[in-house]
Amino acid sequence: MLRQGVMAAWLSLVLVAVSGILTTDTHHLSNSTLHHLTQKLLQNYHKGVRPVHNWTQVTTVYLDLLVYAVLDVDAQNQKLKTSVWYQEIWNDEFLAWNSSMFDGIGEISLPLNAIWAPDIIINEFVDIEKSPDLPYVYVNSSGTIKSNKPIQVVSACSLETYAFPFDTQNCSLTFNSILHTVADLDLALLRSTDDIKKDKEMFMNDGEWELLSMPSTYQVIHSEAGDFAQIQFHVVIRRRPLAHVVNLLIPSIFLMLVDLGSFYLPPSCRTRIIFKTNILVGYTVFKVNMSNEVPRSAVSTPLIGVFFTVCMVFLVLSLSKTILLDKFLHTERSSRQNHPLFCFQRTSEARPVDSSHLTRTSLIVADSPTDVPPCQEHQIQAGFLEEALAQLQSIGSCIQALDQTAQQEASWLTILYQFDKLLFRGYLLVLGVYTITLCSLWAVWSSLPD
């Protein structure tokens with residue numbers, strides 16, 4: 001019983017102590033100036049009402065934007081992903097107080113979901129906004145509210161890849177209210193346009209893209225629903241081309257020069273076919289590797305891809321011409337080797353010789369040449385002469401046919417040689433235009449102000 005009495009006494013003391021602590025905390029909280037100020041400001045506050053005493057007065061929202069980094073440039077889907085720091089400042093007439101009445105408190109933090117906030121969006125949004133949850137805003141004694149937050153913006157942008165890798169992109173981020181017209185809610189820039197345009201101190205300038213400038217404009221958009229204020233920030237970025245020059249441009253120029261050197265091989269040489277076939281394989285492998293680095297876009301094709309395709313066309317034409325020439329020469333040489341035998345066979349078949357008559361005549365001449373009548377001797381000589389004449393005529397016609405074939409072969413060779421020269425000059429022209437264009441794009445890229 002004594003032990004139970006002691007335990008009950010201890011429990012009573014603990015309960016008294018806890019109740020004293022809670023009473024003290026509640027007393028301090030109720031006497032807290034910050035708590036009293038917050039409770040006073042939000043007690044009769046209605047966040048669904050625009051915070052002005054006179055409804056004809058315009059609420060002006062001041063905007064500011066800082067670009068931290070360019071995270072991704074998706075030319076295929078025409079999207080730009082950037083990391084920005086966004087700031088909004090506006091005045092709430094219902095959240096003002098006299099700081100001298102509240103221990104000199106000039107600024108407090110309030111939950112954003114408990115007060116009115118402007119309905120300002122970015123028109124180019126094409127994906128879910130990714131930003132850390134910052135539930136509080138700062139409010140000073142005059143009612144000025146400051147809302148700051150970092151955002152990962154995935155916006156639609158018309159990306160031009162024609163000048164790759166010396167391309168410059170200009171993407172806009174347009175801010176405006178969804179429902180409030182300019183008569184209720186107006187927009188303004190927190191800083192001057194020159195300060196915003198030249199501000200690159202916060203940009204992480206160690207990636208593939210560098211920030212050139214960010215000009216901004218203000219305008220009022222007129223529509224059937226009313227007039228809406230709009231502020232547009234233009235994010236102008238430029239690609240750093242060094243990695244693409246080393247990995248793409250220089251190897252492509254070397255490959256084109258090697259292909260150009262193949263024109264100095266004789267067109268009728270079979271080694272030229274093997275050489276050009278190897279170059280075609282090199283073109284194909286390089287094209288596959290290049291497709292992983294060159295941006296793909298349905299709007300425009302990079303210039304390097306266009307020139308590379310044209311050079312492949314010239315290579316295929318030259319290779320096809322060399323194959324046709326080799327096939328033609330092989331056919332003509334085969335037919336030329338068979339012509340002499342054909343001539344003699346045709347002569348022997350055209351005039352068959354009576355072997356018994358020749359044998360008998362030779363025996364008569366050999367046995368008693370003096371006994372051969374003169375008329376028979378003349379007949380034998382005439383037969384030999386006719387036979388020799390027929391063979392000579394046949395050989396002459398065969399030689400004439402071979403000469404015609406050789407002349408035809410020479411004329412075809414001349415035409416193919418001229419076509420080869422034409423391809424060579426066209427290749428030189430394309431390579432020259434390619435080099436001049438790249439140098440011009442590089443000059444334009446370098447002339448842009450940093």
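Two strands pair if DSSP finds at least two bridges between them. The legends below use the word in that sense and describe a predicted model.

**Figure 1. Overview of the chain.** The predicted model contains 8 helices and 11 strands. Of its 450 residues, 36% count as buried. Among contacts between residues at least 6 apart in sequence, 78% join residues at least 24 apart.

**Figure 2. An open sheet of 6 strands, with the pairing of β3 and β5.** The strands follow the order β3-β5-β6-β2-β1-β8, and their pairing is mixed. The edges are formed by β3 (107-111) and β8 (185-189); each has a single partner strand, so one side of each is left without a neighbour in the sheet. On average, neighbouring strands of this sheet are turned by 35° against each other, direction ignored. The partner of β3 shown here is β5 (residues 136-140), to which β3 is joined by 5 bridges in an antiparallel arrangement. Within this pair, E107 stands opposite N140 in β5.

**Figure 3. Strand β7 and the strands that pair with it.** Strand β7 covers residues 168-177 and is mostly covered, with 8 of its 10 residues buried. Its pairing with β4 is antiparallel and extends over 3 bridges. In that pair, I120 stands opposite S177 in β7. Strands β7 and β11 also run antiparallel, joined by 9 bridges. Here Q169 has I237 of β11 as its bridge partner.

Figure 4. Q230 lies in strand β11, which comprises residues 226-239. The relative accessibility of Q230 is 11%, and this residue therefore counts as buried, the limit for that class being under 20%. Leaving out residues up to four places away in sequence, Q230 touches N123, T174, F175, N176, L187, T217, Y218, Q219 and I221.

**Figure 5. The largest nonpolar core and a second, separate one.** The largest nonpolar core has 46 residues, and those with the most contacts inside it are L63, L65, L95, F175, L187 and F233. Around L65, the contacts beyond four places in sequence are with V84, W85, Y86, L173, F175, R191, M214 and F233.

**Figure 6. The largest pocket and its lining.** About 480 Å³ of space lies in the largest pocket. Its lining consists of 26 residues, of which L112, L134, S147, N148 and K149 are the closest to its centre. At least two lining residues are supplied by each of β2 (79-91), β4 (120-122), β5 and β6 (144-156). Strand β6 gives the most to this lining, with 5 residues.

Figure 7. Rolling a probe the size of a water molecule over the atoms shows where empty space is left. In this model the count comes to 1 cavity of 30 Å³ or more. The largest cavity has a volume of about 40 Å³. The residues lining this cavity are L66, V67, D199, K200, E201, M202 and F203.

Figure 8. S300 is found in the loop between α5 (270-291) and α6 (303-350). With a relative accessible area of 10%, S300 is buried. S300 and T161 are 139 residues apart in sequence, yet their C-alpha atoms are 6.2 Å apart in space. Apart from neighbours within four places in sequence, S300 is in contact with L159, E160, T161 and Y162.

Figure 9. In the loop between β6 and β7 lies P165, which is joined to F164 by a cis peptide bond with omega of about 5°. Q78 lies in the loop between β1 (59-74) and β2. Phi of Q78 is near 55°, a positive value in a residue other than glycine. D103, in the loop between β2 and β3, has a positive phi of about 55° although it is not a glycine. Which of the two classes, buried or exposed, applies to Q78 and to D103? Q78 counts as buried because its relative accessibility is 17%, whereas D103 counts as exposed at 62% relative accessibility.

Note on methods:
Residues are numbered from 1 along each chain as its sequence is written. This is a predicted model: local features need pLDDT of at least 70, side-chain atom pairs count only at pLDDT 80 or more; totals for chains, interfaces and linings use all residues. Side-chain values use heavy atoms; hydrogens and water are left out. Helices (H or I, at least four residues) and strands (E, at least two) are DSSP runs, numbered from the N terminus. Axes are lines fitted to C-alpha atoms, for helices over the stretch in contact, and angles run from 0 to 180 degrees between N-to-C directions. A nonpolar core is a set of buried Ala, Val, Leu, Ile, Met, Phe, Trp, Tyr and Cys residues joined through side-chain atoms within 4.5 Å. Buried means under 20% relative accessible area, exposed over 50%, partly exposed in between (1.4 Å probe, protein chains only). Contact means heavy atoms within 4.5 Å. On a 1 Å grid over the protein atoms alone, a cavity is a set of points where a 1.4 Å probe fits but cannot get out, and a pocket is an open set with protein on both sides within 12 Å along at least five of seven lines; lining residues have an atom within 4 Å of a point. Grid points are joined across faces, edges and corners, and a volume is the space filled by probe spheres set on the points.
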